[in-house]
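Please look over the points below with the structure open beside them. They go from the overall make-up to single residues.

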Amino acid sequence: MTRRTEPGHARPDPSLTAVMNERRQLINLAYRLLGSLADAEDAVQETYARWYAMPHRQQEEIRSPGAWLTKVASRICLNLLSSARVRRETYVGEWIPEPLPEPAEWTSGRSDATAIDPADRITLDESITMAFLVVLESMTPAERVAFILHDVFRYSFAEVGDVVGRTPAACRQLASSARRRVRAAQNRATSTAPRADIVRNFKQAWEAKDINALIGLLDPNATAIADGGGIVGAVLHPIEGAEQIGRSLIHLEGRLRNLTILERTVNGQPGLIAQQDGVTVSVYAFDVVGDRIKRIWAVRHPDKLRPWTVDRL
């Protein structure tokens, strides 16, 4: 397997050490494969554990340590994806991939607000939007691995086959099937500037408790999905329809005291966060089609808010 650069970069950053480059590459790959930063970190840790468990002589025989680490990390993620599908079938409520902030806004999740290691930050691009990650969740583990490795990280099908244990032709079919899923879920793109204006108007209408303005910004058939992981008061099922979503948001703000809504970048797209007493309690990602909001993803599960825990801005 020939090492490829992470998405969003034409070449590796020469200012980083080789080890740092490898770790960042692996974190980026594992998060896209798993949709969970915690699981991605565990997968990368296990990858390095296997590397350091090898005798030094065996390490020296590996011509490309980066390629070896990528192959091992991909196989670990493939195994985790299979077990994750079982876990998520029994998950309380809806499961949403873990939302990520703009790299400059990341914190370590520790009370001292120490900045997260740059090697653990995820490169934000079109393969990391919430809408894209949700489509990835609909794929089989093999489809997801084949698609991410080939279409996002540009590995050959022969290299992909070495990871998933299938022929290059079979991997080509897996990636093709995954592409069909992506195309079927794609909506008409809305550029970043109008998207930001729509989200900002949504925030203002929410703060003003203007139900009519909220409904006007939502597609009539909009869907809101919340992920609280079973916490008290969490919404367990998707909310359908603009009016129902608008009323639910007004009710939420009325129920939670001292709720502050802030504009933030969520997985590379304009989004919102809700805070109580300076602590982030919800992250909102939006799918904007034309001039209306088609889908809202609201993440309230505390474990998924780790990079948002301390607001340093």
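1. The protein chain holds 11 helices and 6 strands. This is a predicted model. Of the 313 residues in the protein chain, 50% are buried. Among contacts with a separation of 6 or more, 66% are between residues 24 or more positions apart.

2. The strands first. An open sheet of 6 strands runs in the order β2-β1-β6-β5-β4-β3, and its pairing is mixed. Its edge strands are β2 (239–240) and β3 (259–266), each of which pairs on one side only.

3. What is the sense of pairing between β1 and β6? Strand β1 (residues 218–227) pairs with strand β6 (residues 292–299) in the parallel sense, over 6 bridges. On the β2 side, β1 pairs in the antiparallel sense, over 2 bridges.

4. How many residues lie between β5 and β6 in their hairpin? There are 2 residues between them, and Gly 290 in the turn has a positive phi of about 65 degrees.

5. After β6 comes a segment that includes Pro 302. Pro 302 is exposed, because its relative accessible area is 51% and the cut-off for exposed is over 50%. Pro 302 and Val 281 are 21 residues apart in sequence, while their C-alpha atoms are 7.4 Å apart in space.

6. Arg 154 has a positive phi, near 65 degrees, and lies in the loop between α6 (141–152) and α7. Is Arg 154 buried or exposed? At 57% relative accessibility, Arg 154 counts as exposed.

7. The other is Asp 277, which is not a glycine and has a positive phi of about 55 degrees. Asp 277 sits in the loop between β4 (269–276) and β5. With a relative accessible area of 69%, Asp 277 is exposed.

8. On to helix packing. At what angle do α7 and α8 pack? Helix α7 (residues 157–164) and helix α8 (residues 168–185) pack at about 95 degrees, and their axes are 8 Å apart. The two helices are therefore roughly perpendicular to each other, as angles of 65 to 115 degrees count as such. On the α7 side the contact is made by Phe 157, Ala 158, Val 160, Gly 161 and Val 164, and on the α8 side by Pro 168, Cys 171, Arg 172, Ala 175 and Arg 179. By class, these residues divide into 7 nonpolar, 1 polar and 2 charged.

9. The axes of helix α5 (residues 130–137) and α6 come within 9 Å and cross at roughly 140 degrees. Why are they called oblique rather than roughly antiparallel? Roughly antiparallel applies to angles over 145 degrees, so α5 and α6 are oblique to each other. Phe 132, Leu 136 and Glu 137 of α5 meet Arg 144, Phe 147 and Ile 148 of α6 in this contact. The contact has 4 nonpolar, no polar and 2 charged residues.

10. Thr 47 is found in helix α2 (residues 37–53). Thr 47 is buried, because its relative accessible area is 0% and buried means under 20%. The Thr 47 side chain reaches the backbone oxygen of Ala 43 at 2.8 Å. Leaving aside residues up to four places away in sequence, Thr 47 touches Leu 26, Trp 68, Leu 69, Val 72, Ala 73 and Ile 76.

Terms used: Residues are numbered from 1 along each chain as its sequence is written. This is a predicted model: local features need pLDDT of at least 70, side-chain atom pairs count only at pLDDT 80 or more; totals for chains, interfaces and linings use all residues. Side-chain values use heavy atoms; hydrogens and water are left out. Two strands pair if DSSP finds at least two bridges between them. Helices (H or I, at least four residues) and strands (E, at least two) are DSSP runs, numbered from the N terminus. Axes are lines fitted to C-alpha atoms, for helices over the stretch in contact, and angles run from 0 to 180 degrees between N-to-C directions. Angles under 35 degrees count as roughly parallel, over 145 as roughly antiparallel, 65 to 115 as roughly perpendicular and the rest as oblique. Contact means heavy atoms within 4.5 Å. Ala, Val, Leu, Ile, Met, Phe, Trp, Tyr, Cys and Pro count as nonpolar, Asp, Glu, Lys and Arg as charged, and the others, Gly among them, as polar. Buried means under 20% relative accessible area, exposed over 50%, partly exposed in between (1.4 Å probe, protein chains only). A polar contact is a pair of N or O atoms within 3.5 Å; within protein, one must be able to donate a hydrogen and the other to accept it, and residues adjacent in sequence count only if both atoms are side-chain atoms.
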